[in-house]
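Subject: Structure handover

Hi,

Here is the structure for you to take over. My notes follow below it.

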Amino acid sequence: KLLEIQKKHPFNIILAHFNHKLRGRESERDEKFSKNTAKKLKTPFETGSSNIKEVAKKNSLNLEEAARKKRYLFLEKIRKRHKAHLILTAHHLNDNIETFLINFLRGAGIKGLKSMQIRNNRLLRPLLYTTKDEILKFLKKKKITYQTDSTNKNTKFTRNNIRLNIIPELFKIQPKLDSVFTRNWEQITELFEFFNKFSEDWIEKNKIDDFTFPTSKLRKVHPVLQKNILQKWYENLYGDTRGLTSAQINRAQDTVNNKGTGKKTPFGKYFVITTTSNHIKCIAKIKKNKILRKKIKIPGTTGYKYGKIKTYLVTNQQNLKNAIFLDYEKISKPLYVRSKKDGDNFRPLGMKGTKKLQDFFVDKKIPSYKRMTIPIIVDSKDNVLAIDKNIIAHPYRITKNSRKILKILIDQGR
């Protein structure tokens, strides 16, 4: 279908396949099939692999979660390598029904019940309104071959059990299950978006700082919205909602409304909530101290709180990857490394205007408690030149006219 659209609206397509190495020869067969398909369609092909069983064991994850994390990390890596705009997956309506039921049975809140979405940042799922039967009919009509995964028949996996045993029974009760699900899914998504927007706006309007709110104002909010504000607050601090349980949200809410002081309540794995007579505070169990401003040796090695910085002066513009590269003649020396501070802004590479560093961290979903550990490279006038390992400010980029290049490698101990 993409190839048909491509004829009217030209764009590049890269096919990518990730081998989870869970099915022996069958996994190798699928990779070969994908490679041959790309060759037939004359499209670039990228492949990656990982021993998912070892990944799951090492990170205390189930196989499905470990496979999902590794797969999406691989796809994002390929997207960046090709400077692609979107990652497209073939998830369909039946997949989304399964995801909804899995999240429902796990006791997920409204965020989990909204299941998969058509668009999630760079990820696009264009077939979420299309059923599996419709896809199979299309393949048959076009005489397109495809592969099947034999492990899809193994009901020891929750998703397969739901697909093979639960959903067929639901269709007997409600023959129009797919359309009924779609209507409810859309309504749940609208509710989530409302709650999410309300919580974001409330936090921005009422926060004293990233970690503190006035309890009197939070007490005035409806209990349902209180829970969403607390969840969004945690997400802003940690980067996502992993590790935060419904029970912890309820206890945090009780801490707010019972008007007690000094009591510490667990809030996820790395935080606790405490209250005073006027404020509710979120405290990181492991405090991340800021990076003190330190002059960078050029060339040479400079140690800082969370690692070390190596700098080189080069003239060769080949292999300009996996490091920071700046036009040495455009920067005001000496250079320094430090943590972020209020008022920092910079012009991201390729953008016309400037962006607050705080907003940049939010967009990148970098947890608040980690932001002080991220090295900021500045010049003698305190202009931000680079952030972390590979983010550079546009004015200091190298061009074809650059004669002297500063290469910066950051080795972080975090």
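A salt bridge here is a side-chain nitrogen of Lys or Arg within 4 Å of a carboxyl oxygen of Asp or Glu. This is a predicted model, so local features need pLDDT of at least 70, side-chain atom pairs count only at pLDDT 80 or more, and totals for chains, interfaces and linings use all residues. Residues are numbered from 1 along each chain as its sequence is written, and side-chain values use heavy atoms, with hydrogens and water left out.

**Overall**

The chain has 414 residues, and 37% of them count as buried. Buried means under 20% relative accessible area, exposed means over 50%, and partly exposed is in between (1.4 Å probe, protein chains only). The C-alpha trace spans about 70 × 65 × 40 Å along its principal axes.

The secondary structure comes to 13 helices and 20 strands. Both are DSSP runs numbered from the N terminus: helices are H or I with at least four residues, strands are E with at least two.

The accessible surface of the chain is about 25500 Å². Carbon and sulfur atoms hold 51% of that surface. Areas come from the Shrake-Rupley method with a 1.4 Å probe; for residues, only the protein chains shown count as cover.

Contact means heavy atoms within 4.5 Å. Among contacts in the chain with a separation of 6 or more, 63% come from residues 24 or more positions apart.

**Charges**

The chain carries 91 positive and 38 negative charges. Their mean positions are 4 Å apart. Lys and Arg count as positive, Asp and Glu as negative; His and the chain ends are not counted. Each charge is placed at NZ of Lys, CZ of Arg, CG of Asp or CD of Glu.

**Salt bridges**

Side chains of opposite charge can pair when their charged atoms come close. The structure holds 24 salt bridges.

- E28 and K21 pair through their side chains at 3.7 Å, N to O. E28 is partly exposed, with 40% relative accessible area. K21 is also partly exposed, at 40%.
- E46 and R81 form a salt bridge at 2.9 Å, N to O. E46 sits in strand β2 (residues 45-49) and R81 in helix α4 (residues 63-81), so this pair ties together parts that are 35 residues apart in sequence. E46 is buried, with a relative accessible area of 15%. R81 is partly exposed, at 45%.
- E169 and K172 form a salt bridge at 3.2 Å, N to O. Both lie in helix α8 (residues 158-173), three residues apart, about one turn of the helix. E169 is partly exposed at 42%, and K172 is exposed at 62%.

**Surface patches**

Patches are made of residues with over 30% relative accessible area and no salt bridge; like charges are joined within 9 Å, and nonpolar side chains (Val, Leu, Ile, Met, Phe, Trp, Tyr) within 5 Å.

The nonpolar patch consists of L2, I5, F11 and L88. Together these residues have about 300 Å² of accessible area. I5 is in helix α1 (residues 2-8). I5 is partly exposed, at 39% relative accessibility.

K80, R119, R122 and K364 form a positive patch. R119 belongs to strand β4 (residues 119-120). R119 is partly exposed, with a relative accessible area of 47%.

**Single residues**

What does S34 contact, leaving aside neighbours within four places in sequence? The partners are H17 and F45. S34 is in helix α2 (residues 25-41) and is buried, at 18% relative accessibility.

T189 lies in helix α9 (residues 177-206). T189 is buried, with a relative accessible area of 9%. Not counting residues up to four places away in sequence, T189 touches K114 and Q117. The C-alpha atoms of T189 and S115 are 8.5 Å apart, across 74 residues of chain.

G343 is in the loop between β14 (336-338) and β15 (345-346). G343 counts as exposed, at 66% relative accessibility. G343 and K356 are 13 residues apart in sequence and 7.2 Å apart in space, C-alpha to C-alpha.

Best wishes
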